[in-house]
Amino acid sequence: MTSDPYIFETEALPSDERFLPPLANGLLGWRVFGDRMHMGGVYNGEAGECHRADLPCPLAVRMKLEETGKHTYSLDTHTGIFSHTVSTASVVATQSFYAHRHVSNILVMEVMLVREATAEDPITVELQSSFTPSSDDVVFQPAPDYRGGRHIYGQTKAAEVHGDPCPSVHLIWIPVDASLTLQTGQSQSRWGFIAVAADSEEGARAFFDSGLELMEAGSLRPSHCQAWAELWAGSSLELSGPETWSRTVIGCLFYLLSAFPPLHNAPSQFGGVSPGGLSNGRQGQDYWGHVFWDQDTWVYPSIALFQPNVAQSVLKYRVETLGGAKINAEQQGNKGLKFPWESAVTGTEVCPVDIYGKQEIHINGDVIMAFQTYLYLTQDVAMFQEGRGSEVVWGVAEYWVSRVTWSTEEQCYHIKEVMPPDEYYYNVDNSVYTNAVAKYSLLFAVELAVLLQCPVPPEWQEVADKLKIPYDPEMKYHPEFDGYKKGVSVKQADAVLLGYPLGLPMSPEVRRNDLELYEAVTDPQGPAMTWSMFAVGWLELGDAGRAQTMLNKCLRNIQGPFQVWSEVPDGSGAVNFLTGMGGFLQAVLFGYTGFRVQKSCLTFAPLLPDDISELRVSGVSYLGNKMDWVLRGQEVTVCVREEAAEATTAQRYSLQVVLKKSGTTLPLIPGKKVTFPREPGEVQKLDSTVGYCWPL
């Protein structure tokens, strides 16, 4: 077996096919060998019945040889290619699958036969297909063949919103032969098959043409591998420590990157990131492929720190659902925007259970935190002007102002009848997380209005300043909500999110009390991302050992050899649970480094546990720069790359490191490594300018 931590290899597939590796590229998603795939933004069903539409996958093929041989199954995350290899006395047969990383509308299957030296006769492999050109969600009909490819097309049976047009799907694919033969005299041969999905006949034909051209030029696989190589070069997280940890970190980042569009040539159709990714989400499973706060709070931050231009697709997704968010707010009797707890294409609420959509309103603040992080990392004001990000931020502010009520008794604003992130409770008042994230989104709305030189409604600041944040001064901790009884069981991370990611100011004593109190009462069968947030908290307090104890709990959610996570440790819940992976990744990327994205700087406070000797973070994006960080023992090394980051900023800024304890200032010169003692500090503009600056 390989020792490369990027290659997940096994001689036996998992008995539960849900944990076969998912392949995705931000537009198409498929679980290998499965007969159904999905396309971003293609849902069937109205309102609460809305779910990802199952599309038939022409590459649902298993390779079979009559001759007995050794089977090896591997997922190479360097390249995003899954392979099944059978080695016999006469041949090495390899079947490979990948979701093309450069041309997102293409799925690929390749078969290669390599003759062993002693074999002379023809060698045949069977390709057993489970593909049928039909679907329970799409009414397909045949179309004329196109350039040797089969073609079917159709529409989903029901639109998300009654009266809207149903999404269209066109599939064109190269028919898969029932068998392939390596003829006498041939030492090896390779066959390629592609399947293309698009929302129009014109698009499907164009992408099929592109696939054929790449095949004829011998560039189909190389262009895919090059796209992955470029992505990894700009977003890599590696550690020296236990092999399990190394593979876990790589697997998490691989699956998260797979959920996003490519660096270049991004498709116009991006349907957001659902908890189980594009490979999952059929009716009744994996939250039906809907988009939750999981996207904005759990998945987005790590991708934004590495690739803000890719992560920007999340923001654009929210902008494109503005119309539905406005309808949601109006239906609840409020102003502004109310983003749905469960979202599909239009932004109207598609949660099948009414109370979640009505009460889990912290989603609004979660969306705004993603926009704020992006602005602080890039200072890309165009996203908030021409890109309409300001409409999102200000629309949410209007919602909060219309949603609060004034308490004459407490002389502060309340937000009543909500469901907090801890979904064991509902109809509660003043969820501490909901109120805190509302406060910060209001403050960001004020900040953005000032930045863009627009009028600031005084009630935004008024509500932010006087919004109740529940706190028990005697016990010195934050109750989850008004009336919460200390010691009562909770489902998941909630109040502990005040410290990270919200950054609510509090003393170390209060932070410790929150962690200890809620750690003791959190459901051990709760969702996978929870313990990661406890780990970040303990790292903030300097207790790396206790942080590792928390993170080790997360490893129970990894199912099988391909590093596929389940929502719950026993394998139940959502599969390929990106939310849990995102939480774990944040614990490493923001916990070990102490990275915090602030208005005028990127702060850091490195701390590694004893069993990890080195952490390498390659491709951190900040103000137009790409930085590589190495944490090792008692020292930190930083190097700004000579090439600029992908174009999201108005300009590239010169940077410096300022160390907090010693006050040392170290200019970061592109191409030059800077090493300093491990202590807290900041990366900021070289001139230490606070705020924003961009060329007119």
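Modeller: Axes are lines fitted to C-alpha atoms, for helices over the stretch in contact, and angles run from 0 to 180 degrees between N-to-C directions. Helices (H or I, at least four residues) and strands (E, at least two) are DSSP runs, numbered from the N terminus. This is a predicted model, in which local features need pLDDT of at least 70, side-chain atom pairs count only at pLDDT 80 or more, and totals for chains, interfaces and linings use all residues. Residues are numbered from 1 along each chain as its sequence is written, and side-chain values use heavy atoms, with hydrogens and water left out.

Biologist: At what angle do the axes of helix H8 and helix H10 cross?

Modeller: Two packed helices are described by the angle between their axes and the distance between the axes. Here the axes of H8 (residues 362-378) and H10 (residues 432-451) cross at roughly 45 degrees and come within 8 Å. Angles under 35 degrees count as roughly parallel, over 145 as roughly antiparallel, 65 to 115 as roughly perpendicular and the rest as oblique, and H8 and H10 are therefore oblique to each other. Their crossing is left-handed, a term used if the near helix is turned anticlockwise from the far one by less than a right angle, with right-handed for clockwise.

Biologist: Which residues make the contact of H8 with H10?

Modeller: Contact means heavy atoms within 4.5 Å. Among the residues involved are Ile368, Phe371 and Leu375 of H8, together with Val437, Tyr440 and Phe444 of H10. By class, the contact of H8 with H10 has 11 nonpolar, five polar and two charged residues, where Ala, Val, Leu, Ile, Met, Phe, Trp, Tyr, Cys and Pro count as nonpolar, Asp, Glu, Lys and Arg as charged, and the others, Gly among them, as polar.

Biologist: How is the crossing of H8 and H9 to be read, left-handed or right-handed?

Modeller: The crossing of H8 and H9 is left-handed, and the axes of H8 and H9 (residues 389-403) come within 10 Å at roughly 145 degrees. Residues of H8 including Ile368 and Phe371 meet residues of H9 including Val392 and Trp400, and this contact divides into eight nonpolar, three polar and no charged residues.

Biologist: How many cavities of 30 Å³ or more does the structure hold?

Modeller: Rolling a probe the size of a water molecule over the atoms shows where empty space is left. On a 1 Å grid over the protein atoms alone, a cavity is a set of points where a 1.4 Å probe fits but cannot get out, and lining residues have an atom within 4 Å of a point. Grid points are joined across faces, edges and corners, and a volume is the space filled by probe spheres set on the points. The structure holds one cavity of 30 Å³ or more, and the largest cavity has a volume of about 60 Å³. Its lining includes Pro22, Tyr255 and Asn576, and strand E2 gives the most to that lining, with three residues. The lining divides into seven nonpolar, five polar and no charged residues.

Biologist: Where is Pro501 placed, and what is the peptide bond from Tyr500 to Pro501, cis or trans?

Modeller: Most residues other than glycine have a negative phi, and most peptide bonds are trans. The bond from Tyr500 to Pro501 is cis, with omega near 15 degrees, and Pro501 lies in the loop between helix H11 (458-466) and helix H12 (508-521). Tyr287 has a positive phi, near 55 degrees, and is found in the loop between H3 and H4.

Technical notes: On a 1 Å grid over the protein atoms alone, a cavity is a set of points where a 1.4 Å probe fits but cannot get out, and a pocket is an open set with protein on both sides within 12 Å along at least five of seven lines; lining residues have an atom within 4 Å of a point.
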